[in-house]
Amino acid sequence: MAASSMDDGAPPFLPYGRQDVDQDDIDAVTAVLRGDWLTQGPAVEAFERALAERTGAAHAVACANGTAALHLAFLALGLGREGTGPADAVVVPSVTFLATASAVRHAGAEVAFADVDPATGLMGPEQAEAAIARAEAAGWRVRALAPVHFAGQTADMAGLGALAARRGLAIVEDACHAIGSADAAADGRLAPVGSAARDFGTQDFGAEAFGAMTAFSFHPVKTIAAGEGGAVTTNDPDLAARLRRLRNHGMERDPAHFGDLDAALDAAGTPNPWYYEMAEPGFNYRLTDLQSALALSQLARLDAFVARRRHLMDLYAERLAPLFPLVRPAARVPWCRPAWHLCAVRIDFAAAGRSRAQVMADLRVRGIGTQVHYIPVHRQPYWRRRYGALSLPGADAHYAQTLSLPLFPAMADADVDRVVTALAGALAPLRSTAETRC
């Protein structure tokens, strides 16, 4: 589904990202509308089964959105200080969306912000270690790492997994950018993001080396869309059960976990059919059947979406080469086979003599939408009030130069040329104008 053309005959506006919905997707949602279940029905379970199979995880728990997925994962770990003990903390890279850090606080823990590699936007073991040291100096007890897979590329999970194993930490992967991405073992085998243990039985993918849970988002600009939607994958059945309870008000319907058997059972010892218990406070984080049907249909197209995004990113790398070093494509990490979510390039705005705001405005006039991913979260007023000013130079350097260009499956190859031509003009407007007059 291509972007619509403007009424004046100009080329269609290219946003930085958008959904791709076809007739099969529409038919899937229509079938739910004509059925008996709009929510809490069979489409949810069907999507969860398909997602678990696609990622290689034992369990997939669907929920309302990616933020809910992160919140549920941190809650399932049991974070939060009890009594007067040290505060729990989670290591979070500063280059991420607001939700990663906010979900930690909503779960009752502190955020130990980590720096990133400015060329990739990814937190590595060295940055995580530094964040742990700062957290321990503050008197916190670090409980987990929350690596964020940025733009479709994964963080160094082998290194972070080894760090977590040494220190006895859980890992919650924020894979909201990375459905369809995979990590590569030394022998070339691929481990899909979301497979949790990723146990290849090798030094690269040992059973202890990866995290407990992986959170996904199915927002319309992500690789597959559910309108809004999210999921958590895990190999741990106890975590999966707790995730399911927490997404549904903490409600427990399994008789094996009932505490008040006098109320739960009839005189013959049979569970009363209406009975449930609240094991702990939870939330209404359920995904509807409408959203699940769309997500399931989109999941069937994931390989095609990923292949198209990879092709477009290869074109960008080729077409942007003449603008080097003013413009640099995303630095690629060797361990990942990415399903690109963003085309986040690095631009030396100072060398161009143009501010990022000027470049974005010029591109918009030319029908090109862009975005910035992200303002480092440690800079946000809430976190500055809570923790004071932090020095994270890698995150600041990444922010200073990043700009996300259009990337979505319905783009034509020629659209990449159009974007790059417009970018070259926006970075050198006086030269571009002179050339046009000639």
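Q: Which backbone oxygens does the side chain of Thr-55 reach?
A: The Thr-55 side chain reaches the backbone oxygen of Ala-52 at 3.4 Å, and that of Leu-51 at 2.9 Å. Polar contacts here are N or O atom pairs within 3.5 Å; within protein, one atom must be able to donate a hydrogen and the other to accept it, and residues adjacent in sequence count only if both atoms are side-chain atoms. This is a predicted model: local features need pLDDT of at least 70, side-chain atom pairs count only at pLDDT 80 or more, and totals for chains, interfaces and linings use all residues. Residues are numbered from 1 along each chain as its sequence is written, and side-chain values use heavy atoms, with hydrogens and water left out.

Q: Nice. Where does Thr-55 lie, and is it buried or exposed?
A: Thr-55 lies in helix 2, residues 42–55 (helices are DSSP runs of H or I, at least four residues, and strands are runs of E, at least two, numbered from the N terminus). Thr-55 is buried at 2% relative accessibility (buried is under 20% relative accessible area, exposed over 50%, partly exposed in between, with a 1.4 Å probe and protein chains only).
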